[in-house]
Amino acid sequence: MPVQEGLFTMPGDTSEESELIGSKCKVCGEVFFPQQPMCANCCQPTTEEIRLSRKGKLYSYSAVRNKPPGDYRGTIPFCVGIVELPEGIRIPTLLTEDDISKLLVGMNVALVLEVLFVDDEGNEIIGFKFKPC
Amino acid sequence: MRKVYIIGVGMHKMGRFPEESFREIGREAVIRALEDCGITWPKIQAAFCGTVFGGMAAGHRVLQWVGLTGIPIVNVENACASGVAALRLAWHAIGGGIYDIACAVGAEKRARGFIPLTGQPMWKRRAGMVMGPAFYAQEKALTIARC
């Protein structure tokens, strides 16, 4: 099950591959992720749901070598980054690559879904990541 | 808006003090500030306390051992800017003519380790996307990449 409903579609839902679900303001064109009902610029409920591009560029990244506070149950080290999508939005994200030496600012990346961890009831909790391609 | 002046400052040393409680740490800062300006607590007309993890009624607990004079006390949480926010509230209140003299205090006491970013949504916490230093490191990576 997804780590959070409404963040992305599962493969086969609305298209063959999964897509991130964002919002775009009908008036000013600003794009938001995750989706939100109000446009932060217009301060009005003028957003509509959009699907974001699956491919983008790695804007920046960092390796996390210590267990983050809270409920993290994945492996360490892991990498996080910011991905710039053609819609003109930059999204903080997990990366599939654990080895920071393999990452480069500006490299092409693509959306993937991965199991983040298995919860206490045995459910696979699925999240999104971006993978260098 | 009236001019507002900071007339006294006091501080507890920064560090780990396992033998001191949150309210003892905050209280010392207030006592030192009062000594700095030579004013006694009964003259203070309002107090504002900034803290993130100090818990319910943090300012009330700190000031209970300074003096119980029935003044309004407001607690404010503003992440890393909580202390500044307490100062800002005191500044507005005095500048706006509601009080002539107020106290702004801040205190924190927490466990070792990374700060839990409880302001972030649960899915980000479960995904591990809440490592504060990782955010700042990404800004640095950009700076380096641009060199």
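Author: A:Val112 stands opposite A:Lys129, a residue of strand 8 of chain A. This model is predicted. Strand 6, residues 89-95, is joined to strand 8, residues 124-132, by two bridges, and here the strands run parallel.

Strands 7 and 8 of chain A form a hairpin with five residues between the strands. In this hairpin A:Gly122 takes a positive phi, near 90 degrees. Positive phi also turns up in residues other than glycine. A:Cys43 has a phi near 60 degrees and is found in the loop between strand 2 and strand 3 of chain A. A:Cys43 is exposed, because its relative accessible area of 52% is over the 50% cut-off. In chain B, the phi of B:Ala57 is near 55 degrees. B:Ala57 lies in the loop between strand 1 (46-50) and helix 2 (58-64) of chain B, and it counts as partly exposed at 31% relative accessibility.

The loops of chain A also hold cis peptide bonds. One runs from A:Phe33 to A:Pro34, with omega near -5 degrees; A:Pro34 is in the loop between strand 2 (31-32) and strand 3 (47-51). Another runs from A:Ile76 to A:Pro77, with omega near 0 degrees; A:Pro77 is in the loop between strand 4 (55-64) and strand 5 (78-85).

That leaves the contact with the other chain. In chain A, 27 residues are in contact with 21 residues of chain B. The two chains bury about 2,000 Å² between them, 70% of it on carbon and sulfur atoms. A:Val3, A:Pro69 and A:Asp71 supply 25% of the area that chain A buries against chain B, more than any other three residues. There are zero salt bridges between the chains, while three residue pairs are in polar contact across the interface. Strands 4, 5, 6 and 7 of chain A are the elements that give two or more residues to the side of chain A that touches chain B. The largest share, five residues, comes from strand 4. By type, the residues on this side of chain A divide into 18 nonpolar, six polar and three charged.

Conventions
Residues are numbered from 1 along each chain as its sequence is written. Chains are lettered from A and ligands numbered from 1 in the order in which they are written. This is a predicted model: local features need pLDDT of at least 70, side-chain atom pairs count only at pLDDT 80 or more; totals for chains, interfaces and linings use all residues. Side-chain values use heavy atoms; hydrogens and water are left out. Helices (H or I, at least four residues) and strands (E, at least two) are DSSP runs, numbered from the N terminus. Buried means under 20% relative accessible area, exposed over 50%, partly exposed in between (1.4 Å probe, protein chains only). Two strands pair if DSSP finds at least two bridges between them. Contact means heavy atoms within 4.5 Å. Buried area is the accessible area (1.4 Å probe) that two parts lose on being put together, summed over both. A salt bridge is a side-chain nitrogen of Lys or Arg within 4 Å of a carboxyl oxygen of Asp or Glu. A polar contact is a pair of N or O atoms within 3.5 Å; within protein, one must be able to donate a hydrogen and the other to accept it, and residues adjacent in sequence count only if both atoms are side-chain atoms. Ala, Val, Leu, Ile, Met, Phe, Trp, Tyr, Cys and Pro count as nonpolar, Asp, Glu, Lys and Arg as charged, and the others, Gly among them, as polar.
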